Amino acid sequence: MNEEYDVIVLGTGLTECILSGIMSVNGKKVLHMDRNSYYGGESASITPLEDLYKRWLRVPGTILESMGRGRDWNVDLIPKFLMACGQLVKMLLYTEVTRYLDFKVIEGSFVYKGGKIYKVPSTEAEALASSLMGLFEKRRFRKFLVYVANFDENDARTFEGVDPKRTTMRDIYKKFDLGQDVIDFTGHALALYRTDDYLDQPCQETINRIKLYSESLARYGKSPYLYPLYGLGELPQGFARLSAIYGGTYMLNKPIEEIVVENGKVVGVKSEGEIARCKQLICDPSYIPDRVKKVGEVIRVICILNHPIKNTNDANSCQIIIPQNQVNRKSDIYICMISSAHNVAAQGKYIAIVSTTVETNEPEKEIKPAMDLLEPIEQKFEGISDLFSPSDLGRESQIFISRSYDATTHFETTCDDIKDIYKRMMGSEFDFEEMKRKKNDIYGEEEQQ
């Protein structure tokens, strides 16, 4: 403890562990502490199942006979999938954290329309076969997908008269004469927007998001999403190992007594009477409540099922998105479902997690359309979490606070936060290629091949 570090990191949530790994690879001397005895913070996976019962139902009772062995379970507190070509997978590949993890492809992505769920069409063939649209709509949607696939922001010949920095997405949908239902699933299930604000923004970002979805899908075929065996709690541990390889020091079960600030700037962290000194500090919102602001709430319900979700072709894993327009809301509702196939549940069991941003005083009613799709439910654990974002961006204090995990079922927004914190800390954009070069300097080119 009585040493000087470049960076001290508090909390072992995914955002903190990735930044700790990146800072270590960048040659920084890192000390990483957590007041908990387990990795993952808010984004932990809970095992055995008894611990989930204790945590949620506040009673240390025995779990139901029908649940199998408690240690067969790894239940994520925050449900998320990885986009196969997304930013987190790039971070995993470039840092080689993939060597500690095994992934499985999620079997399908579905979208809710008029009380029913449909597979999301994301290839030309699927678009033509989908019962989500009528015949003429299919042809128009196919043309739109071809346009998106050919679109290259560096080649004006692919724009077809569109100015990607000025033409809005609403205008693009008009250009292809696409109806409201198609707009709903394109914006929310392919481009993965949570609200319809994007419609009046320049179309370039949305087109690139749809391209990312299609490219991720093309990689594995069933869906664009991946999930790590044994749960998301494996991810922070993978990055923690990376940090340790590069000399990072880890301390779990470490009470944090005080963040020491002098003249408005962080100088260290006090724990058990000792002070570890630092130039910069990274932490999650729970460590500095007076430097964050509440920006909303998320409701999450963990449901244990003994059957796959209806109308998903008995998939052992899937994502379902309920676009806000379909249920008269401002934000989407998400369902993530995984099962014993991912080593996170007992044989024959499924874990479905429903999440959305809270909009009313009756959050349980808000998620009813999603809960109805899951019936019958064997056991459920319901929780409402506050969403925090930093009120101090760290320019003066050099304290960099991560955002709470939102209701989305993918890691793209988390990666945006990581890149944002990196830029504020280092004064430059996060560069994947630069990370790769630094690793080559340490390991040598031969080992990389």
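The radius of gyration is taken here over C-alpha atoms, and the rule for a globule is 2.2 Å times the number of residues to the power 0.38. For a compact globule of 449 residues that value would be near 22 Å, and the protein has 23 Å, which agrees. This is a predicted model, in which local features need pLDDT of at least 70 and side-chain atom pairs count only at pLDDT 80 or more, while totals for chains, interfaces and linings use all residues. Residues are numbered from 1 along each chain as its sequence is written, and side-chain values use heavy atoms, with hydrogens and water left out.

**Overall form**
- Taken along the principal axes, the C-alpha atoms fill a box of roughly 70 × 60 × 50 Å.
- The protein has 14 helices and 19 strands, which are DSSP runs of H or I with at least four residues and of E with at least two.

**Burial and contacts**
- Of the 449 residues, 56% count as buried, that is, under 20% relative accessible area with a 1.4 Å probe and protein chains only.
- Among contacts (heavy atoms within 4.5 Å) with a separation of 6 or more, 71% join residues 24 or more positions apart.

**The largest cavity**
- About 50 Å³ of space lies in the largest cavity, where a volume is the space filled by probe spheres set on the grid points, and a cavity is a set of points on a 1 Å grid where a 1.4 Å probe fits but cannot get out.
- Its lining residues, which have an atom within 4 Å of a point, include L14, K80, Y405 and F411.

Note on methods
On a 1 Å grid over the protein atoms alone, a cavity is a set of points where a 1.4 Å probe fits but cannot get out, and a pocket is an open set with protein on both sides within 12 Å along at least five of seven lines; lining residues have an atom within 4 Å of a point. Buried means under 20% relative accessible area, exposed over 50%, partly exposed in between (1.4 Å probe, protein chains only).
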